[in-house]
Amino acid sequence: MPSPNSPLTGPLPLSKEKLRNIIALLSAYALCLYGLETLIPSPIPWLRLGLANIITLITISLYGFRAAMMVTLIRIFVGSIFRGTFLGPAFILSLGGGVFSTIVMGITWRFLGCFGPVGISLIGSYAHNLAQLFLAYILFIRRIEAVALIAPIILLLGTVTGTFNGMVCGILLRDLKSLGSSISFQGKAP
Amino acid sequence: MRLREIINLTTAADRVLLFFLIIATSFSFSFVRHVFPKGTEVEVKVDGRIAYRLPIDVDRIVSVKGPLGVTHIEIKNNKVRAIDAPCENKLCVRQGWIDRGSIICVPNRVIVSVTGGNSKKDGLDAITE
């Protein structure tokens, strides 16, 4: 369980129907961020902000691992259909990275309570990048030196973006928490 | 949002992890450069098949056709780059000049690698079956 001083809280008690609505809403947020990110021209190749990861991490900490996996899968499938990369190489890399990083972040959140949002985001970023590099090697490149030479750049950029996303996530969670305690939600938890 | 507040949101483990990862990735740059030295040959692969094998010290421009269209590759001053590619994101073009490793265009299935040279030493001398 997360430690008491960690801003990450446990899953909120919710009805099945409400959880479904929330997953839809969060998926929409993730898709928005994903779409926004593809519009931003990046000066360095391989620099992906991974803004959708913020939503994944928030979903894990508020609604649990299964909801987060659902949000990630919806984001990747629908996002790739929008971008026209569905079932293409970019889709496979995106799916592998997204699913693996969500699993790793879920495990970290559940069993390693010492990490806050920044730590979990960093771990997720590394999981994402390593899974993508591994998949790219296995499926497309088959040249270990090619993967090895770009790996440090990708991982270093991932460290920067992972830290940034984790901080955004930490701020969001803190504010959501204070919002939750100051405004009493209507209706009782089932 | 003040910086102090943001730092307060991180746990000690977060900070240790961040510090460790920055150190590790920084070291991996020099580690990788050490393990994979410069090559002497440029190998252009399209869809897994070798299209060209050229010496890196002879300047020239070659064009290869992939599933999406033609990728132009330039060799100059012992370096190689992709000049133009038909793909969407043009990562290969933006990667610029390389003298080791590879330029990979996944959409157009083109791989330009710098091979040979010192790295041959660590390779296999022969394979028997």
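Student: Is A:Leu87 buried or exposed?
Tutor: Welcome to this predicted model! The relative accessibility of A:Leu87 is 61%. The cut-off for exposed is over 50%, so A:Leu87 counts as exposed.

Student: Where does A:Leu87 lie, and what is its phi?
Tutor: A:Leu87 lies in the loop between H3 and H4 of chain A. Most residues other than glycine have a negative phi. A:Leu87 is not a glycine, yet its phi is positive, about 65°.

Student: What covers the buried residues of H3(A)?
Tutor: The buried residues of H3(A) include A:Ala67, A:Met69, A:Arg75 and A:Ile76. What covers the buried residues of H3(A) includes other helices of chain A, namely H1, H2 and H4.

Student: How far apart are the end C-alpha atoms of helix H4 of chain A?
Tutor: Helix H4 of chain A runs over residues 89-111, which makes 23 residues. At 1.5 Å a residue, helix H4 of chain A should span 33 Å. The model agrees, with end C-alpha atoms that are 33 Å apart.

Student: Which helices do the buried residues of H4(A) pack against?
Tutor: Among the buried residues of H4(A) are A:Phe91, A:Gly97, A:Met105 and A:Trp109. Their partners are in chain A: the buried residues of H4(A) pack against helix H1 (16-39), helix H2 (52-63), helix H3 (65-83) and H5.

Student: How many residues does the contact take from chain A and from chain B, and what area is buried between them?
Tutor: The contact takes 33 residues from chain A and 32 residues from chain B. Carbon and sulfur atoms give 75% of the area buried between the two chains, which is about 3,000 Å².

Student: Which side chains meet in a salt bridge across the interface of chain A and chain B?
Tutor: The rule finds one salt bridge across this interface, along with five residue pairs in polar contact. In the salt bridge, the N to O distance is 3.2 Å, and the side chains that meet are those of A:Arg174 and B:Glu5.

Student: Which helix gives the most to the side of chain A that touches chain B?
Tutor: Helix H5 (117-141) and helix H6 (144-182) of chain A each supply at least two residues of that side. The residues there divide into 23 nonpolar, six polar and four charged. With 15 residues, the helix that gives the most is H6(A).

Student: Is B:Ser113 buried or exposed?
Tutor: B:Ser113 lies in strand S7 (residues 110-115) of chain B. Its contacts beyond four places in sequence include A:Arg143, B:Glu41 and B:Gly101. A polar contact of 3.3 Å also joins the side chains of B:Ser113 and B:Ser102. At 2% relative accessibility, B:Ser113 counts as buried.

Student: What is the phi of B:Arg109?
Tutor: B:Arg109 has its place in the loop between strand S6 (101-105) and S7 of chain B. At 30% relative accessibility, B:Arg109 counts as partly exposed. Although B:Arg109 is not a glycine, its phi is positive, about 55°.

Technical notes
Residues are numbered from 1 along each chain as its sequence is written. Chains are lettered from A and ligands numbered from 1 in the order in which they are written. This is a predicted model: local features need pLDDT of at least 70, side-chain atom pairs count only at pLDDT 80 or more; totals for chains, interfaces and linings use all residues. Side-chain values use heavy atoms; hydrogens and water are left out. Contact means heavy atoms within 4.5 Å. Buried area is the accessible area (1.4 Å probe) that two parts lose on being put together, summed over both. A salt bridge is a side-chain nitrogen of Lys or Arg within 4 Å of a carboxyl oxygen of Asp or Glu. A polar contact is a pair of N or O atoms within 3.5 Å; within protein, one must be able to donate a hydrogen and the other to accept it, and residues adjacent in sequence count only if both atoms are side-chain atoms. Helices (H or I, at least four residues) and strands (E, at least two) are DSSP runs, numbered from the N terminus. Ala, Val, Leu, Ile, Met, Phe, Trp, Tyr, Cys and Pro count as nonpolar, Asp, Glu, Lys and Arg as charged, and the others, Gly among them, as polar. The expected span of a helix is 1.5 Å times one less than its number of residues. Buried means under 20% relative accessible area, exposed over 50%, partly exposed in between (1.4 Å probe, protein chains only).
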